[in-house]
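Let's take a walk through this protein chain together. Have the sequence and the 3D view open as you read.

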Amino acid sequence: MIWGGIGYRLQTDLIIIDSSVDTETYIHDIIRKSKIIKKANEQYGEWEWIFQQDGARPHTSKKSMDYLQYRCNVLSPWPPNSPDLNPIENLWSIMDKRLKNVQPSNEEEFILEIIRVWEGITWEIIENLVTSMTKRIDLVIDHEGQSINGFF
């Protein structure tokens with residue numbers, strides 16, 4: 001599993017987990033290791049930003065939510081199957097397109113390519129994804145909750 005975090009003028013290092021992710025792994029090996037909360041606090045100020053994540057069970061477990069809510073504002077609940085409203089999902093799509101022609105000889109090479117692509121994402125791309133949220137929400141409302149895939 002690969003995890004990364006973004007925000008306006010914020011990008012974490014990628015976290016690569018070679019096992020399944022449970023609550024403990026999510027808290028200790030992803031949230032803590034990525035330093036997402038520390039970086040966001042430094043960038044925006046403590047309690048001045050909102051953490052968005054999808055509804056995966058390790059993300060929404062009581063222990064994970066308790067951990068996060070003690071440290072930051074968490075956007076919850078989050079509608080299922082709503083990649084249109086999650087900027088990181090659009091970033092994964094951009095990365096997927098950039099990795100389409102990569103032909104690594106082994107897993108290690110592939111991981112290095114993923115990291116290279118992640119580190120090559122420009123601030124402009126991240127900022128466009130993040131600042132488009134207001135427009136995305138308006139479009140979803142205008143389309144009565146239907147997908148807005150293809151508008152961006």
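How many positive and negative side chains does the chain have, and how far apart do the centres of the two sets lie? There are 16 positive and 23 negative side chains, and the two centres lie 3 Å apart. In this tally Lys and Arg count as positive and Asp and Glu as negative, while His and the chain ends are not counted. Each charge is placed at NZ of Lys, CZ of Arg, CG of Asp or CD of Glu.

Before going further, a word on what you're looking at. This is a predicted model, in which local features need pLDDT of at least 70 and side-chain atom pairs count only at pLDDT 80 or more, while totals for chains, interfaces and linings use all residues. Residues are numbered from 1 along each chain as its sequence is written, and side-chain values use heavy atoms, with hydrogens and water left out.

Now for the overall layout. The chain has 8 helices and 6 strands, where helices (H or I, at least four residues) and strands (E, at least two) are DSSP runs numbered from the N terminus. Along the sequence they come in the order β-β-β-β-α-α-β-α-α-β-α-α-α-α. The C-alpha atoms fill a box of roughly 45 × 35 × 30 Å along the principal axes. A compact globule of 152 residues would have a radius of gyration near 15 Å, so the chain's 16 Å agrees with that. That radius is taken over C-alpha atoms, and the globule rule is 2.2 Å times the number of residues to the power 0.38.

What about contacts, meaning heavy atoms within 4.5 Å? Of those with a separation of 6 or more, 60% are between residues 24 or more positions apart. Buried residues make up 39% of the chain; buried means under 20% relative accessible area, exposed over 50%, and partly exposed in between (1.4 Å probe, protein chains only).

Leaving aside residues up to four places away in sequence, N86 touches Q52 and D54.

Next, the charged pairs. The whole structure holds 6 salt bridges, each a side-chain nitrogen of Lys or Arg within 4 Å of a carboxyl oxygen of Asp or Glu. One of them joins E24 and K63, with the closest N and O atoms 2.3 Å apart. E24 lies in helix 1 (residues 23–34) and K63 in helix 4 (residues 62–69), so this pair ties together parts that are 39 residues apart in sequence. E24 is partly exposed at 33% relative accessibility, and K63 is partly exposed at 47%.

Two other bridges stay within a helix. K38 and E42 meet at 2.8 Å, N to O, and they are 4 residues apart in helix 2 (residues 36–44), about one helical turn. K38 is partly exposed at 49%, whereas E42 is exposed at 57%. In helix 4, K62 and D66 are also 4 residues apart, and their side chains meet at 2.8 Å, N to O. Here K62 is exposed at 62% and D66 partly exposed at 39%. Why does such spacing work? An α-helix has 3.6 residues a turn, so residues three or four places apart point the same way.

Terms used:
Contact means heavy atoms within 4.5 Å.
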